[in-house]
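Work through the exercises below with the sequence and the model open. Try each task before you read its solution.

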Amino acid sequence: MKHLITAAALAALAATPAMAGEIRVGSVAGVTGPIAELVAPIVAGRNLAAAHINANGGLLDGDTLVLVLADSQCDPKAGVDAGNKVVNVEQVVAIVGASCSGATNGMVQSVTIPAGIPSVSDSATAPSITDLDDNNLVFRTAPSDAYQGAALAKLAWEAGYRKLAVTYANDDYNAGIAEVFVANFEGLGGKVTANQVHEPNKASYRAEITTLSGGGAEALALFAYYGGSGITIIRNALETGAFGKFMAADGMFDVSVIEQIGAENLRGNLMITQSASDPSNTSYQLFAEAYKSTGMDPGAPYAAHGYDATFLIALAIEQAGAADPALIAAALPEVANAPGEIIRPGEWEKAKALIAAGKAVNYEGASGSVDFDAAGDVPGFYSVNTINAEGKFEMRFLR
Amino acid sequence: MSAMLELDAISAGYGETEILHGIDLHVERGEIVVIIGPNGAGKTTAMKAIFGLLNITAGAIRLAGEEITNTPPQQVVTRGVAFVPQSANVFVSLTVEENLEMGAYVSRDDPAPRIEEIFELFPPLREKRRQAAGLLSGGQRQMVAMGKALMLHPKILLLDEPTAGLSPKYRSEIFRIVQDINAAGATILMVEQNAKQALMVAHRGYVLVDGENRHSGTGRALLDDDEVARMFLGASGGASGKNDGNGGRPA
Amino acid sequence: MMAFLNFYLIPGVVLGCIYALGAIGISLTFGILRFSNFAHGDTMTLGVYITLSLVQFSGLHPLLVAPLAMVLTTGIVLGLDRTFYKPFRTSPAIMLVIASFGLMLMIRSVIQFFWGVQLQALQTGIQMPLEALLPVRFSENHLLIIGATVLLMMAVHLVLTRTKIGKAMRATSDNPELAALTGIDTEVVIRATWAMGASLAVAAGVFLGLDTHVETMMGFKLLLPMFAAAILGGIGKPYGAVAGGLVIGIAEELSAYPWIGTTPLLSPGYKGGVAFAIMVAMLIWKPQGLFRGRQF
Amino acid sequence: MEQYYGYFLYLLSLLTMGGIYAVLTLGLNVQWGFTGLFNAGIAGFFAVGAYVQAILTTPIYARHLGGYEWPIPLAMLAAMALSAVVGYGVAKICIRLRADYLAIATIGIAEIIRLVFKNEGWATNGPRGISQIPKAFEDLPQPWNTLAFVAMVLAIVMVIYLALERARTAPWGRVMTAIRENEAAAAAAGKNVERFRLESFVIGSALMGLGGALMAQYLKQIDPQVSDPLTATFLVFVMLIAGGSANNKGAILGAMLMWTVWSATEILTSRLPDEFAIRSAYVRIFLIGLILQFILQRRPQGILPERRPKPHPRLRGDRAPAANTGSTKQ
């Protein structure tokens with residue numbers, strides 16, 4: 001037993017304080033747990049931003065930005081624990097994360113707000129985060145899903161749908177977005193013929209789909225994670241012939257949807273909204289080009305948001321002129337919002353020079369223009385993705 | 001020629017509790033030997049000790065002259081000892097036939113001919129051969145259990161209270177069967193509560209009290225012994241277990 | 001009526017087949033090694049990933065390489081048994097339960113480490129129902145799954161009733177003490193149990209992978225329904241596990257059928273609870289299970 | 001200096017979580033350690049406690065039941081009480097089940113409880129959970145609020161410990177041990193075995209509810225994921241077994257130690273080279289599994305093995321022959 005204790009003590013000692021020339025930022029994510037497959041590309045986005053910064057002069061006087069990964073397991077217990085570790089042991093000056101809304105809510109309320117550490121979440125979309133009494137410490141580059149549900153409802157209406165069936169996975173993200181979607185679609189005059197929750201991770205949804213198809217809906221609005229239940233539902237719906245057309249939000253945005261169902265079955269039949277900036281936009285293209293080096297799809301949900309959150313924190317550190325949490329928190333809106341010279345993904349050297357010269361900068365991110373409002377939220381920008389002739393997602397920005 | 005089975009000053013028990021304190025016992029080829037004694041005297045423990053089911057702390061057990069002290073049960077079976085426990089002694093969800101087959105598990109030979117022989121010995125089992133053993137009556141189960149034990153022509157058969165819980169009719173039936181299989185050549189060591197009937201079929205008997213030998217002798221002699229009669233053959237067999245050490249050994 | 005058959009009953013049967021195959025292993029382990037094996041679901045996942053790698057390597061149909069995956073998985077499971085379960089053969093069941101819990105974490109993290117957490121597929125595209133059978137909607141995969149399950153069940157039945165080791169397995173599951181007294185080599189029986197349980201779990205996992213997709217939590221997600229099936233059928237009763245699996249699979253699907261009016265009888269949000277409710281009810285009112293399994 | 005202050009705060013967080021888990025392990029120790037009741041549905045009672053605490057204390061919020069704004073201690077008592085009531089209900093129907101069956105029944109019930117919390121959104125805000133849960137002492141300045149909360153948790157652990165130690169050595173506890181060891185003998189000695197088991201189950205459940213109430217405060221946020229069986233049931237068993245089941249000190253030690261292992265292994269694995277960045281999380285889970293196996297094989301009775309209270313005088317006489325099963329027919 002002594003060995004175990006010794007090992008734990010060594011572990012604690014190994015976590016030496018930030019060495020000279022090193023500035024630590026927490027990277028808290030649900031690496032294991034129910035949405036592990038969604039988290040990997042997001043963390044890659046964060047790491048890419050850190051790599052860009054370190055390759056182009058680093059922070060302040062050439063300090064290295066070190067992202068310290070901690071696992072929030074998508075569970076508030078683990079989120080709080082991860083927050084405690086990065087804040088107290090790793091002595092980070094800011095945090096990106098912590099993936100799921102529940103884990104984020106726990107982490108910020110229990111750890112980072114009391115400790116005065118700013119955090120920028122890249123994927124927590126619950127509206128409850130807006131309501132927190134956060135001393136202006138909690139930011140997010142992921143828009144509250146209040147926006148996306150509305151965007152998708154409008155899109156559905158404009159696409160000519162009047163009667164839709166809705167089903168959503170029973171998790172914090174999908175339940176929220178479905179609720180907003182239904183309210184907005186009905187507000188526009190549309191009819192929701194069936195609105196049904198489903199339990200994720202089941203092997204078959206044929207029974208649910210059959211019930212949903214009863215009301216003569218023109219399409220199925222599907223709010224789910226692709227891995228949890230989304231792909232299975234589309235597959236079952238096509239196989240049973242219950243639905244041929246689908247609308248979905250960004251939990252479904254992944255190439256594996258095309259790979260598994262087959263492009264020929266989905267072309268013209270699937271629309272997926274996604275929180276993203278204009279793909280014709282320079283910022284997104286810069287990011288997408290660089291992200292390819294990770295071997296993953298730059299369009300993966302919230303990968304761009306992960307990049308932006310990390311880049312913003314770095315800019316704020318630069319702007320603050322010191323690795324000081326309070327100053328970083330204050331600087332975050334300054335570097336994110338107008339006025340200032342536009343900075344895009346990868347343009348670290350330029351930003352560093354401008355800040356050094358005392359000029360204002362305004363980051364225009366890969367995921368959108370990331371302008372924080374008073375609550376630390378960003379407005380939603382969405383694109384819609386359909387499947388093109390080559391069997392790839394084709395992105396169209398929604399204005 | 002050495003005895004078929006010999007227990008030489010065996011001490012054994014469960015964990016730290018010693019139950020047998022130096023038991024001596026021997027069974028000769030072709031004998032029926034019965035162990036009687038009050039509750040908690042260590043009768044079943046002695047059986048389990050022979051079978052390698054508990055830890056023997058002192059003494060030696062020899063089977064036809066070879067030592068088998070603390071040999072694991074599977075090897076004891078291979079060496080030719082078969083044990084029929086008091087309860088749960090058949091595989092209830094297996095058929096009668098399959099139960100018998102399992103009795104020959106350690107052998108590589110085809111068990112079918114021997115199964116037929118067993119049916120000769122226990123005719124009622126033949127018509128129930130495809131029935132699950134769990135559906136049989138108590139007496140028939142006991143037959144299955146004994147048949148299973150006899151599958152490999154064991155050198156010695158250990159029976160733990162074969163008549164426990166049976167009706168008087170079946171009880172006599174079982175004792176008759178015990179004599180039959182003995183006549184067919186099996187050596188038998190059994191533990192019994194029905195001391196009187198058991199001693200009548202047995203060649204010899206042992207009386208265990210509190211984990212020690214108290215009496216021994218031929219079945220007839222023990223039946224005639226006043227002390228034994230008072231202890232076990234009277235109105236209340238079990239209640240007299242309190243009897244202490246000065247109860248008088250045979251002179 | 002056709003809708004009931006096509007969209008509720010047939011999917012229920014397919015799901016039931018998958019549960020049934022998985023539950024046999026749980027039931028046998030429970031009966032013979034006498035503990036609830038929490039690592040069973042992740043053993044299934046491991047087998048599916050091995051199959052996936054074999055498919056990617058050979059380009060053959062998953063069902064063709066599955067037997068090899070069964071053999072490989074069995075080998076791994078036997079190694080794990082030696083290292084992690086054997087020291088506890090005579091310990092209280094809780095030690096084995098906890099050991100299996102630790103093993104569950106270990107197997108899963110190894111899978112996640114080597115294969116990653118991204119979704120993968122044994123087969124891509126969708127499968128339309130076979131024309132010839134319409135209006136009954138059976139897709140090719142579903143026929144394959146049901147057919148292969150029937151074949152496997154027959155194989156299991158033959159092994160258990162016609163071979164010496166199979167009978168010894170049933171005997172040991174019935175009464176382990178008596179089995180030892182009879183001279184049955186418990187270690188051999190245990191190895192056979194692992195082999196059968198793991199192979200069937202791999203088959204179940206591959207079927208699930210064919211019907212849906214492959215991911216690292218797939219087996220774990222099936223664990224509790226499989227437990228429910230094993231309990232329902234009676235512990236240590238392989239045939240019971242099959243019946244239990246089918247009942248639970250069908251019940252889950254039918255719980256969403258609009259028996260009264262036009263809305264599902266039970267909100268699909270509670271679908272996962274159906275298996276547990278059946279299981280708890282069974283434990284309370286008929287703890288020996290449908291097939292008179294061992295009672296503790 | 002700064003970093004040592006940080007370590008100190010992390011240590012406090014380990015003590016807090018360890019302490020909350022200690023409440024759970026002590027509850028489990030009453031059920032499993034003393035009485036041998038294999039309750040694998042800890043997460044269910046834990047969740048009941050957590051949700052009761054959250055609903056009773058949070059300010060009014062449109063998306064879930066609330067607005068009662070009870071004082072924190074009162075809500076904690078209510079959380080215990082309701083968990084006890086649920087525990088009574090579960091025990092009433094399941095208590096006669098043996099070992100593994102009880103385990104599986106309670107797992108099923110805990111999952112059903114979780115589904116209820118997840119699906120009855122009007123009361124619980126469904127999967128999004130309840131946020132902004134008031135926490136004891138949170139108005140104090142940092143670090144005093146953290147210290148005060150740790151002190152409260154540890155004081156609660158201490159009180160439970162003392163109470164359980166008393167119970168363990170009292171006749172009640174000795175009867176429990178007797179029931180675990182040999183139910184028939186206990187019953188033969190005239191003990192109403194079922195009632196004792198029921199009492200033990202209810203007491204354990206109440207403690208698990210209290211653990212939930214503390215956890216809700218500490219996290220300030222709960223959702224159905226909090227009662228994930230992995231971290232809310234199995235981990236608790238692991239802690240108790242590692243610490244030493246039927247030993248109250250062992251239960252506390254196991255909770256503290258295993259939580260430290262659970263949490264601190266990440267500090268090790270996050271140091272792995274970059275290409276392992278994400279995969280390190282899996283390595284960590286693997287390590288936890290391995291450590292568990294190590295403890296099980298090397299120290300199966302736990303770090304602090306059970307210390308037996310003296311057997312109950314009325315049961316002692318009956319034990320010896322009963323242990324010799326088979327040789328006697330009662």
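Helices (H or I, at least four residues) and strands (E, at least two) are DSSP runs, numbered from the N terminus. This is a predicted model: local features need pLDDT of at least 70, side-chain atom pairs count only at pLDDT 80 or more, and totals for chains, interfaces and linings use all residues. Residues are numbered from 1 along each chain as its sequence is written, chains are lettered from A and ligands numbered from 1 in the order in which they are written, and side-chain values use heavy atoms, without hydrogens and water.

**Exercise 1. Loops of chain A**

Task: Find where Pro339(A) lies, and state the form of the peptide bond from Ala338(A) to Pro339(A).

Solution: Start with the place. Pro339(A) sits in the loop between α13 (325-336) and β11 (341-343) of chain A. Now check omega. It is near 0° for the bond from Ala338(A) to Pro339(A), and the bond is cis.

Task: Describe phi and burial for Gln91(A) and Tyr302(A).

Solution: Take Gln91(A) first. Its loop runs between α3 (76-89) and β3 (95-96) of chain A. Phi of Gln91(A) is near 55°, a positive value in a residue other than glycine. Gln91(A) has a relative accessible area of 18%, so it is buried (under 20% relative accessible area; exposed is over 50%, partly exposed in between; 1.4 Å probe, protein chains only).

Next, Tyr302(A). This residue is in the loop between α11 and α12 (303-320) of chain A. Tyr302(A) counts as buried, at 8% relative accessibility.

**Exercise 2. Helix packing in chain A**

Task: How do α5(A) and α6(A) pack?

Solution: Two packed helices are described by the angle between their axes and the distance between the axes. Axes are lines fitted to C-alpha atoms, for helices over the stretch in contact, and angles run from 0 to 180 degrees between N-to-C directions.

- Helix α5 (residues 145-158) of chain A and helix α6 (residues 172-187) of chain A pack at about 45°, with axes 7 Å apart.
- α5(A) and α6(A) are therefore oblique to each other (under 35 degrees is roughly parallel, over 145 roughly antiparallel, 65 to 115 roughly perpendicular, the rest oblique).
- Residues of α5(A) in the contact (heavy atoms within 4.5 Å) include Leu152(A), Ala156(A) and Trp157(A); those of α6(A) include Tyr173(A), Ile177(A) and Phe181(A).
- By class, this contact of α5(A) with α6(A) has 11 nonpolar, four polar and one charged residues (Ala, Val, Leu, Ile, Met, Phe, Trp, Tyr, Cys and Pro are nonpolar; Asp, Glu, Lys and Arg charged; the others, Gly among them, polar).

Solution: Pro41(A), Ala44(A), Gly45(A), Leu48(A) and His52(A) in α2(A) meet Phe287(A), Ala290(A) and Tyr291(A) in α11(A). The contact of α2(A) with α11(A) has six nonpolar, two polar and no charged residues.

**Exercise 3. An enclosed helix**

Task: How many residues of helix α8 of chain A are buried, and what follows α8(A)?

Solution: Count along residues 226-240. 15 of the 15 residues of α8(A) are buried, so the helix is largely enclosed by the rest of the structure. Gly241(A) comes next, with a positive phi near 75°.

**Exercise 4. Between chains**

Task: Which chains share the most contacts?

Solution: Five pairs of chains are in contact, and chains A and D share the most contacts among them. Chain A and chain B have no contact; their closest C-alpha atoms lie 27 Å apart.
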